[in-house]
Amino acid sequence: MKDYRTKYEEYRSFTESILEEAVSRMNCHTEVLQESIRYSLLAGGKRIRPVLFLAMLETLGLDYHNERALAVAIECIHTYSLIHDDLPAMDNDDFRRGKPSNHKVFGEANAILAGDGLLSYAFELLIKECYKGVQWVNAAKTLAEAAGLQGMVAGQSADILHSGKPVGEVGEVELEMIHYHKTANLIAAPLVMAANLAEKYEKETREFGMSLGFLFQVTDDILDEIGEEKEVGKTLGKDKAEGKLTCVKVYGMEKTLSLRDSLTEKCLSLLGGIEADTCFLKDLVVDLRNRNK
């Protein structure tokens, strides 16, 4: 068996190759749209969401090489969300993955259109896959719900709504709503999509994915306070400066660090409910817990 780092790089490299292929096939008609999409979609990064999809497919006995379109759709939706999240009207961040944000390079209007284009393209891919059968319909539905009004969009709306409000006026209930919807849904979706295709462990993968997504956001909140900007690749300290509702704001750093550890243990325990080789996923949980970027 390959070690964790080697296997992660296998999944990540496969993701990069299929994203390159997808961009090469796009016909955006205007050069600026093509380049702005290329700039953000091929900017690298951990590719955690498609990696989770590919890993869970393989864990459940499927060949991940057969599901290129769904993996591309997952990352297109994630990238669109980052482009829009960085806009001045949203989180107003000038940097992403260590480079100027899309709107700083191409302007706000082109950044909005690049995000719109990636979202629309993702659904083109999903719809085409639905012709394969009900499993692909269910996988497409899973991703659509995670990205939309029941998931990420709702979480982003709540994040904006509650920014700047003091603890007491808002608290744990609002925090969990934001983190589970804005972040955890799009972490869980790729895992559930794999289970949809395998037609097993759909409940178990959702529970694991939502806990993993919350863990991911908890570590983000910690890094925003004590991380190194060069490592993280985006502006740090902004959440605190803008009064964002974070775990550190609600619980304090000590309790947030404890929450990170309890969520790690919960994720590892939940993987025990899946009768398959989950060693890679267990290593990934620990890696996310210990991440510095």
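# Rings, core and loops in a predicted chain

Reader: Hi! What share of the 293 residues in the chain is buried?
Author: Buried residues make up 53% of the 293, where buried means under 20% relative accessible area, exposed over 50% and partly exposed in between, with a 1.4 Å probe and protein chains only. Keep in mind that this is a predicted model, in which local features need pLDDT of at least 70, side-chain atom pairs count only at pLDDT 80 or more, and totals for chains, interfaces and linings use all residues. Residues are numbered from 1 along each chain as its sequence is written, and side-chain values use heavy atoms, with hydrogens and water left out.

Reader: Thanks. How many helices and strands are there?
Author: The chain has 15 helices and 2 strands. These are DSSP runs numbered from the N terminus: helices are H or I with at least four residues, strands are E with at least two.

Reader: What about contacts between residues 24 or more positions apart?
Author: They account for 73% of the chain's contacts with a separation of 6 or more. Contact here means heavy atoms within 4.5 Å.

Reader: Switching to the core. Which residues have the most contacts inside the largest nonpolar one?
Author: Phe53, Leu143, Leu212, Phe280 and Leu284 do, in a core of 82 residues. A nonpolar core is a set of buried Ala, Val, Leu, Ile, Met, Phe, Trp, Tyr and Cys residues joined through side-chain atoms within 4.5 Å. Helix H9 (residues 172-198) gives the most to this core, namely 11 residues.

Reader: What does leucine 212 touch, leaving aside its neighbours within four places?
Author: Its contacts beyond those neighbours are Leu52, Ile187, Leu191, Cys267, Leu284, Val285 and Leu288.

Reader: Nice. Now aromatics: how many pairs?
Author: There are 8 aromatic pairs. Rings of Phe, Tyr and Trp (its six-membered ring) pair if their centres lie within 6.5 Å; planes under 30 degrees apart count as stacked, over 60 as edge-to-face and the rest as tilted. One of them joins tyrosine 8 and phenylalanine 280, a tilted pair at 6.3 Å centre to centre with 35 degrees between the planes. That pair links distant parts of the chain, with tyrosine 8 in helix H1 (residues 4-25) and phenylalanine 280 in helix H15 (residues 279-290), 272 residues apart.

Reader: Are those two buried or exposed?
Author: Tyrosine 8 is buried at 11% relative accessible area, and phenylalanine 280 counts as buried at 12%.
Author: Tyrosine 11 and tyrosine 64 also pair, with ring centres 5.3 Å apart and planes at 75 degrees, so that pair is edge-to-face. Tyrosine 11 lies in helix H1 and tyrosine 64 in the loop between helix H3 (48-59) and helix H4 (68-85), so the pair ties together parts 53 residues apart in sequence. Tyrosine 11 and tyrosine 64 are buried too.

Reader: Which residues do ring pairs link into a cluster?
Author: Tyr4, Tyr8, Tyr11, Phe14, Tyr64 and Phe280.

Reader: Where does the charged end of lysine 99 sit?
Author: Over the ring of tyrosine 39, 4.3 Å from its centre. The test is NZ of Lys or CZ of Arg within 6 Å of the ring centre and within 35 degrees of the ring normal. Arginine 291 lies over the face of phenylalanine 216, at 4.0 Å from the ring centre.

Reader: And arginine 260, buried or exposed?
Author: Buried, with a relative accessible area of 15%. Arginine 260 lies in helix H14 (residues 253-271). Leaving aside neighbours within four places in sequence, arginine 260 is in contact with Leu215, Val218, Thr219, Ile222 and Arg289.

Reader: Last one: what is phi of histidine 29?
Author: Near 70 degrees, a positive value in a residue other than glycine. Histidine 29 is in the loop between H1 and H2 and counts as exposed at 73% relative accessibility. Asparagine 92 also has a positive phi, near 55 degrees; asparagine 92 is in the loop between H4 and strand S1 (95-96) and is partly exposed at 36%.
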